[in-house]
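Hi,

Here is the structure I promised to pass on. Please have a look at it first, and then read my notes below.

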Amino acid sequence: MGDTLAQKLIRAHLVCGEMVVGQEIGLRIDQTLTQDATGTMAYLEFEAMGVPRVRTERSVAYIDHNTLQTGFENADDHRYIQTVCKKHGLYFSRPGNGICHQVHLERFGIPGKTLIGSDSHTPTGGGIGMLAFGAGGLDVAVAMGGGTYYITMPRIVKVELTGKLSPWVAAKDVILEVLRRMSVKGGVGKIVEYAGEGVKTLSVPERATITNMGAELGASTSVFPSDDVTRQFMAAQGREADWVALAADEDAVYDEVITIDLSALEPLAACPHSPDAVKPVSALAGMRVNQCCIGSCTNSSLQDMLKVAAILKGKTVHPDVSLSIAPGSKQVYNMLAENGALADLIAAGARILECACGPCIGMGQSPNSAGVSLRTFNRNFEGRSGTADAQVYLVSPETAAAAALTGVFTDPRTLGDAPVVTMPEKFLLNDNMIVLPAPVEEADSVVIERGPNIKPFPKTAPLADTINAKLMLKVEDNITTDHIMPAGAKILPLRSNIPAISEHCFVRCDPEFPARCKREGDGIIVGGANYGQGSSREHAALAPLYLGIKAVIVKSFARIHVANLINAGILPLTFKNEADYDKLTLGDELCLPDVRRRLMMGEPVVLENRTTGQTIELCHTFSGRQIDMLLAGGLLDYTREQQA
């Protein structure tokens with residue numbers, strides 16, 4: 001029995017553990033990336049470890065999230081990150097150079113390598129055959145220091161692609177179809193591996209769109225083979241020497257197989273407020289549209305931009321629609337300018353934004369109140385756009401461009417012949433916005449610059465023998481990291497200041513939560529299924545830690561968030577019987593008796609409701625290493641102990 005591609009990549013990087021589904025394994029990490037919304041905290045954590053220089057093959061810090069500088073905070077964070085990179089051996093991608101996943105795909109990603117990034121859409125790298133994971137900043141900091149990255153060995157899902165996409169149907173429609181079938185919870189504990197004859201018909205940017213939004217499945221990662229299409233992309237980037245061929249064995253056995261006929265797909269849209277609420281665009285035709293946003297790490301490649309420019313050429317954006325376009329990288333922006341496509345976009349009335357995440361994270365371009373916004377992004381969680389009652393739909397660039405011209409939801413297949421875009425054999429290569437680190441011999445003389453908004457990592461403590469705490473918050477299913485720790489122009493600049501950002505923790509669910517935590521002291525949060533889906537932001541764990549949260553008890557967790565809770569020293573537990581969720585009420589006096597000893601001895605953990613007198617059985621799947629981390633007070637304390 002042969003190996004799947006994912007199993008081959010895991011086996012080649014396995015440091016410890018056995019490749020048995022459900023067991024913890026440790027992986028050697030070749031590359032890391034950070035972005036500035038999560039990067040400042042990651043580098044504070046790296047500094048706290050005392051490692052003088054990164055020990056990966058390549059680590060890159062990108063500035064792409066907090067680029068709207070309405071105060072000193074973002075600029076100070078950027079300067080801090082740049083000086084850390086110079087001192088500790090990282091490459092620094094300056095503001096304006098582009099979105100981390102787009103630039104990394106172009107300039108640094110290598111088939112067959114492992115990559116973890118402090119951004120949940122790091123699996124974009126799977127588009128060229130990387131084993132790429134989104135992770136919390138502390139996990140990335142440990143990997144930069146040469147440490148092992150741990151995951152639970154996933155099941156492998158094969159998505160067999162047949163046929164070829166029809167005109168006006170895009171890669172975005174492929175992943176929306178996968179989401180329609182699997183749901184936002186369907187990928188939890190799985191790697192999605194794409195195979196079949198249809199793979200050969202998809203370009204690398206198209207593959208990257210699909211792996212990017214694999215994060216919305218809850219999947220550990222997604223991966224495509226590295227084939228001749230990959231080789232051509234690498235050669236066009238001047239990096240053919242980095243290419244290797246990678247594919248699953250012909251007799252590989254998968255845990256699950258899904259077959260998608262590309263030729264049978266039609267334009268799709270994810271409706272408010274979930275990426276898996278998918279409907280055909282034809283079923284939405286005629287609905288008035290107020291805004292269209294094209295870009296993000298999902299759909300900002302040169303191929304996407306050239307298609308949009310061809311659709312808009314010689315036409316004018318509908319007077320009732322605001323159209324914004326953000327190229328994914330400086331390379332894309334420059335090439336659009338050189339070949340005249342940028343002029344076509346401007347002439348049509350598009351508002352050209354800088355090469356950054358921008359509207360995708362609520363950083364500008366919020367829709368009008370109750371506005372309908374079509375976005376080529378990856379998430380449409382309620383309120384994420386910056387407008388609480390906006391109706392955000394996720395669509396392909398082709399569908400967004402069609403609506404921008406007509407003012408209503410329009411099936412692009414009704415516009416006539418689809419534009420034919422020819423990609424260049426060679427991309428424009430100019431890495432002048434990448435700052436190299438200082439040589440080792442000069443590193444000691446580099447002074448790290450810290451602004452007044454940069455605060456230290458929150459105080460942690462070893463796990464208590466018994467936890468007595470009030471139920472501070474009770475939430476329902478599918479709570480996202482945007483619910484826990486919102487993004488947006490007002491809040492993102494506080495990412496390096498946990499005391500300040502904690503004032504915004506959970507305010508979308510309960511505006512009184514931060515004040516209640518400060519008033520009452522130690523607390524416990526109770527939630528439903530798929531708790532913590534969405535972003536990798538560890539602030540969704542660090543802010544509750546600062547507010548005194550000791551445990552989170554839910555029906556089920558999203559992968560990255562449960563790891564972040566453990567890293568922060570917060571105890572994540574699940575109900576043995578989900579019906580017990582209904583037995584708990586806000587304000588109940590709760591107790592986790594003898595919890596430290598129970599974890600050490602492998603005994604069941606129970607929750608006592610002192611208000612009602614009821615006892616509830618709880619579950620966990622902690623590895624021995626994770627238990628040691630929780631006992632120590634989190635990954636930072638555990639790492640210090642290991643180094644000592």
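**Helix packing, sheets and a few contacts**

Helix H6 crosses H7 in a right-handed sense, meaning that the near helix is turned clockwise from the far one by less than a right angle, with anticlockwise counting as left-handed. Helices (H or I, at least four residues) and strands (E, at least two) are DSSP runs numbered from the N terminus.

Before the rest, a word on conventions: this is a predicted model, in which local features need pLDDT of at least 70, side-chain atom pairs count only at pLDDT 80 or more, and totals for chains, interfaces and linings use all residues. Residues are numbered from 1 along each chain as its sequence is written, and side-chain values use heavy atoms, with hydrogens and water left out.

Back to that helix pair. The axes of H6 (residues 171-182) and H7 (residues 204-212) come within 8 Å and cross at roughly 25°; axes are lines fitted to C-alpha atoms, for helices over the stretch in contact, and angles run from 0 to 180 degrees between N-to-C directions. H6 and H7 are therefore roughly parallel (under 35 degrees; over 145 is roughly antiparallel, 65 to 115 roughly perpendicular, the rest oblique). Ala171, Lys172, Val174 and Ile175 of H6 meet Glu206, Thr209 and Ile210 of H7, where contact means heavy atoms within 4.5 Å. By class, this contact has 4 nonpolar, 1 polar and 2 charged residues (Ala, Val, Leu, Ile, Met, Phe, Trp, Tyr, Cys and Pro are nonpolar, Asp, Glu, Lys and Arg charged, and the others, Gly among them, polar).

Strand E9 (residues 155-162) pairs with E10 over 6 bridges in the parallel sense, and Ile156 stands opposite Ile191 in E10.

Tyr194 lies in strand E10 (residues 190-195) and Phe224 in the loop between strand E11 (221-223) and helix H8 (228-236), so the pair ties together parts 30 residues apart in sequence.

Glu45, Ala48 and Met49 of H2 touch Leu636, Thr639, Arg640 and Gln643 of H20.

Elsewhere, 7 strands close into a barrel in the order E21-E22-E23-E24-E27-E26-E25, with mixed pairing. E21 and strand E25 (residues 589-592) run antiparallel and are joined by 4 bridges; the partner of Ala469 in E25 is Leu590.

Finally, Pro437 sits in the loop between strand E20 (434-435) and strand E21 (467-474). Leaving aside residues up to four places away in sequence, Pro437 touches Arg53, Cys85, Lys86, Gly89, Leu90 and Tyr91.

Best wishes

Key. Pairing = 2+ DSSP bridges.
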